[in-house]
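Work through the exercises below with the coordinates open. Each one gives a task and then a solution in steps.

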Amino acid sequence: MSKKQIQSNPSGQESHISILIFNVLQDNTDYSIMKQVQKLKPDVLCFVETNQRWTDKLKAETEKDYPYKILSPLENTYGMIFFSKFPIEDAQVHFLVKDDVPSISVKVILANGNKIQLYGVHPEPPVPQENPRSTARDKELLIIGKWAKEQKIPVIVMGDLNDVAWSYTTELFCKTSELLDPRKGRGFFNTFNAKSYILRFPLDHIFCSKEFMVNRIKRLPFAGSDHFPMFIDLALKPASSYLNDEEKASLQEQKMAEEKINKEVIS
């Protein structure tokens, strides 16, 4: 019922990038996600909870069509791997808050030469004994948000945020990063728990800067995990950015974000 924060692209002809994100569930042995990859042919793939078994399998399956990759497999449910059809540069794996929880940053070079800054994230969820507003998740998201705002090129942040779109932390992240949520005005796109028919929440997100419009967004079918995959196709249209509904942080919100970034996280 709400207003679309990012407008739909009326033509579909502009420079675009399509992305598939998926929390595979580390113990999952169902590799049917590759059927969706073959059907949709996304430009970029981002998988989380990828251990060495998942990394080896997906690397072998994507070798031909996705020559550019970032691999950070881990056995602790925080592994992350990234594949791209487009050339990449400045690829880095960061451990922003915890030594065993990676995030990625990379520039993707589109077919027409335009560059997009991508961040892949899967922050640790809140620890019940801690203050729910002072968590490792909050700190990591807000650091990424700060980096996103400082970029001079279009930005996309993607991954399993372990947080719903309407939470205080996610709203603070969006305002301080000045990134937009293509979900708004289009649906909930509940991705977790895929194995429950009663309670589901949107935990897997793709946020982008105002230079984009939406060609298509879709929650994909069940693929063995407790998360559904998400797919989005975004058109890069800087000239139309004025049509999008950008939100900015107040001075108080900026101060709160800095406090969270600077606050020590208890391991």
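**Exercise 1. Contacts and placement of Ile-109**

Task: Find which residues Ile-109 touches, leaving out residues up to four places away in sequence.

Solution. 
- Step 1. The model is a predicted one, and contact here means heavy atoms within 4.5 Å.
- Step 2. With residues up to four places away in sequence set aside, Ile-109 touches Phe-86, Pro-87, Glu-89, Asn-114 and Lys-115.
- Step 3. Ile-109 itself belongs to strand S6.

**Exercise 2. Overall dimensions**

Task: Compare the radius of gyration of the chain with the value for a compact globule of 267 residues.

Solution. 
- Step 1. The globule rule is 2.2 Å times the number of residues to the power 0.38.
- Step 2. For 267 residues the compact globule would have a radius of gyration near 18 Å; the chain has 17 Å, so the two agree.
- Step 3. The C-alpha trace spans about 50 × 45 × 40 Å along its principal axes.
- Step 4. The secondary structure of the chain consists of five helices and 11 strands.
- Step 5. Of contacts between residues at least 6 apart in sequence, 69% join residues at least 24 apart.

**Exercise 3. Surface and charge**

Solution. 

**Exercise 4. The largest nonpolar core**

Task: Identify which residues of the largest nonpolar core touch the most other members.

Solution. 
- Step 1. In soluble globular proteins, nonpolar side chains tend to be buried together.
- Step 2. The largest nonpolar core here has 30 residues, and those touching the most other members are Ile-17, Phe-82, Leu-118, Ile-156 and Met-158.
- Step 3. Strand S11, residues 230–236, gives the most to this core, with four residues.
- Step 4. Take Phe-82 as a case: beyond four places in sequence, its contacts include Val-44, Leu-45, Ile-70, Ile-88, Ile-104 and Val-106. Leu-118 and Met-158 are also among the residues that Phe-82 touches.

**Exercise 5. Buried or exposed?**

Task: Classify Pro-102, Gln-26 and Lys-255 as buried or exposed.

Solution. 
- Step 1. Buried means under 20% relative accessible area, and exposed means over 50%.
- Step 2. Pro-102 has 1% relative accessibility, so it counts as buried. Pro-102 sits in the loop between strand S5 (88–94) and strand S6 (103–109). Its contacts beyond four places in sequence are Ser-72, Leu-74, Tyr-78, Met-80, Val-93, His-94, Phe-95 and Glu-140. Between the C-alpha atoms of Pro-102 and Gly-79, 23 residues apart along the chain, the separation is 7.1 Å.
- Step 3. Gln-26 is at 8% and therefore counts as buried. The loop between strand S1 (16–23) and helix H1 (33–40) holds Gln-26. Among its contacts beyond four places in sequence are Glu-49, Arg-53, Trp-54 and Leu-74. The C-alpha atoms of Gln-26 and Trp-54, 28 residues apart along the chain, are 7.6 Å from each other.
- Step 4. Lys-255 has a relative accessible area of 55%, so it is exposed. Lys-255 is part of helix H5 (residues 251–262). Lys-255 and Thr-176 are 79 residues apart in sequence, with 10.0 Å from C-alpha to C-alpha.

**Exercise 6. Backbone geometry**

Task: Examine phi at Glu-49 and Phe-189, and the peptide bond from Phe-192 to Asn-193.

Solution. 
- Step 1. Glu-49 is not a glycine, yet its phi is positive, at about 65°. Glu-49 lies in the loop between strand S2 (44–48) and helix H2 (52–62), and with a relative accessible area of 11% it is buried.
- Step 2. Phe-189, also a residue other than glycine, has a positive phi near 50°. Phe-189 is in the loop between H4 and S9 and is buried at 18% relative accessible area.
- Step 3. The peptide bond from Phe-192 to Asn-193 is cis, with omega near 10°. Asn-193 is placed in the loop between helix H4 (168–177) and strand S9 (204–208).

Technical notes:
Residues are numbered from 1 along each chain as its sequence is written. This is a predicted model: local features need pLDDT of at least 70, side-chain atom pairs count only at pLDDT 80 or more; totals for chains, interfaces and linings use all residues. Side-chain values use heavy atoms; hydrogens and water are left out. Helices (H or I, at least four residues) and strands (E, at least two) are DSSP runs, numbered from the N terminus. A nonpolar core is a set of buried Ala, Val, Leu, Ile, Met, Phe, Trp, Tyr and Cys residues joined through side-chain atoms within 4.5 Å. Buried means under 20% relative accessible area, exposed over 50%, partly exposed in between (1.4 Å probe, protein chains only).
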